[in-house]
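The sequence and the model are shown first, and a description by region follows.

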Amino acid sequence: MSAARERIRLQLAWNRLLSVVEEQAQVLIRSAFGTSTREAGDLSAGLFLPDGRMIAQAVTGTPGHVNSMAESVKHFLKAFPAERLRDGDVLLTNDPWKATGHLFDMTMVTPVFHGGRLVALFASTLHVIDIGGIGSSVDGMEIYHEGLFLPILRFIHAHEVDAGVLDIIRANVRDPEQVEGDLFALVACNEIGGRRLRGLLAEFQFDDLKALGDYIVDQSLRAMRAALAQWPQGTWRNTLVIDGYDAPITLQVAVTLGADRIRVDFAGTSPHVSRGINVVKAYTDAYTSFGIRCLIGSDVPNNAGSLSIIEVEAPGGSILNAPHPAAVNARHIVGQLLPDAVFGALRQARPDRVPAEGSSSLWNIHLVGGQALAGATPGETASLLRGARFNATSFSTGGTGARPGKDGLSVTSYPSGVRNVSLEILETANPLVFERKEYRPDSGGAGEVRGGLGQTVVVRHADPRAGMIVAAAFDRVDNPARGALGGLPGAPGRLLLGSGRPLRAKGRQLVPAGDSLVVQTPGGGGLGDPVRRDPALIERDLRHGLVDPEQARAVYGRAAADRPA
């Protein structure tokens, strides 16, 4: 076969691999029990060579899962070397330091055999509804408070489920049916991936994936180097201060662009803390590399080749490289701000290519009922125990930063990419009533291009005699998203009761019986001098109720017409 024909064959097979892993992800969504996977797409799916290199990933999924899972398979192979794996084995872990960053994420790896040989591994991850311990809260002080910790183990031996492992899991979670259902959804999606891969190998007459995998990795690496060549070489630094748990946290970053390498160094970043906002190195790598890839090589497929050009350093013991047994439950609060930290450095190299800061970290509204809250009064405890136990998470978001030439996106989940869960589903599955969910006017930072808007959500318990707990895990309250190049900051987030009392941005707190919870998510920063904003865009924002006429006059430096009736 000629070299040209062989390249065409390899490219066709590569395209097929991408469809295989996307089907893997869709099977996980269709079969999962938990709403975070089924409705919000909080998952990842990918295909790996026997040496642990990722060669294909599903577009469906989150960077925190996909990019950290890209390294986790190597840990699986250290615990279970290839020669020890057998057809019908399935491996499992939720070790934050060897998987995707916290105990709620279950990562499963399934070896695929073809012609009697190990040819690949399929891996997938999802976020289960409960993992025991303190629950979804930042209040834990070490990993042992946060739930059941599963080392890398065999969940299935030669097609037989390990009943002991399953019994341990069921005994340690609050909703065993949902968690068990999600585990078998992981089994199913990897199994489907294996079936489709064996069909591909037969159709293309491949004995294994080595030649195709090497081609994918090499082509992706070449494309990333070509993308890097479009940027100047040098080192740029940025400092990002965020709220932290009870004291501000500094993220210090230096980004060095070389001829064929990108190095990101977080030396000078704050140390880890005694609450669950710490980040493991794998999650730091995941969102840092994602931030880089949004600007450099964004159209290059994500795999071991394209990721290999990026090196991330974070001091051991820092909040971005927290040691065991640090609490890491809400690692997304800090980790999802890392693209903003990287953007601030790279904007100095190419100001024409980099957006302003956004709300970035998810503002998930996590509500539980039917269980007590430590420190509650006897009357409050009685209201909390009223009614059936429920555990609800509404994936909520703020606005993204303004983009070069375009306004930021309102109430859009960036960088995580998860979808909002519809209120109808949340109200059907839980005793909740959502009274309001609407854009938050004037929350986007003013600029030549405006930051995206946040939103206001008001929710209450359906039973006016019952209280509930909010497990708050929010940032951008004391340190809102900054504007850039003369743009103004976005509005800070707020958390309060309907009766008016402010709540802390982090920690488990009581929403008393008869009261409601009000969540106002942050807006994104603006980009460029506001006085240069196109008057037609200001009038459009006024017409749609996105800005107030008074703010338009004050901020944009021009007489704005009153909002139309």
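In strand β6, Arg154 is the bridge partner of Leu91. Strands β3 (residues 90-93) and β6 (residues 153-157) pair in the antiparallel sense over 3 bridges; two strands count as paired if DSSP finds at least two bridges between them. Strands (E, at least two residues) and helices (H or I, at least four) are DSSP runs numbered from the N terminus.

An open sheet of 7 strands has the order β2-β1-β5-β4-β3-β6-β7, with antiparallel pairing. At its edges are β2 (54-57) and β7 (160-161), each of which pairs on one side only. Helix α4 (residues 163-171) packs on this sheet and touches β3, β6 and β7, a contact being heavy atoms within 4.5 Å. The direction of α4 makes about 120° with that of β6; axes are lines fitted to C-alpha atoms, for helices over the stretch in contact, and angles run from 0 to 180 degrees between N-to-C directions.

## Basis of the model

The model is predicted: local features need pLDDT of at least 70, side-chain atom pairs count only at pLDDT 80 or more, and totals for chains, interfaces and linings use all residues. Residues are numbered from 1 along each chain as its sequence is written, and side-chain values use heavy atoms, with hydrogens and water left out.

The pLDDT, the predictor's confidence in each residue from 0 to 100, averages 95 over the chain, and 98% of the residues score at least 70. Over residues 559-565 the pLDDT is below 50, and this stretch has 17 contacts in the model beyond near neighbours in sequence. Where pLDDT is low, the predicted coordinates should not be read in detail.

## The four-stranded sheet

Another open sheet has 4 strands in the order β8-β9-β10-β11, with mixed pairing. Strands β8 (234-242) and β11 (310-313) stand at the edges with a single partner strand each, so one side of each has no neighbour in the sheet. From one strand to the next, the twist averages 15°.

Strand β10 (residues 262-265) pairs with β11 in the parallel sense over 4 bridges, and Val264 stands opposite Val312 in β11. Helix α7 (residues 281-295) lies across β9 (249-257), β10 and β11, running at about 135° to β11.

## Helix α13

At the start of α13, a side-chain oxygen of Asp534 reaches to within 2.9 Å of the backbone nitrogen of Ala536. Just after α13, Gly545 takes a positive phi of about 75°.

Key: A polar contact is a pair of N or O atoms within 3.5 Å; within protein, one must be able to donate a hydrogen and the other to accept it, and residues adjacent in sequence count only if both atoms are side-chain atoms.
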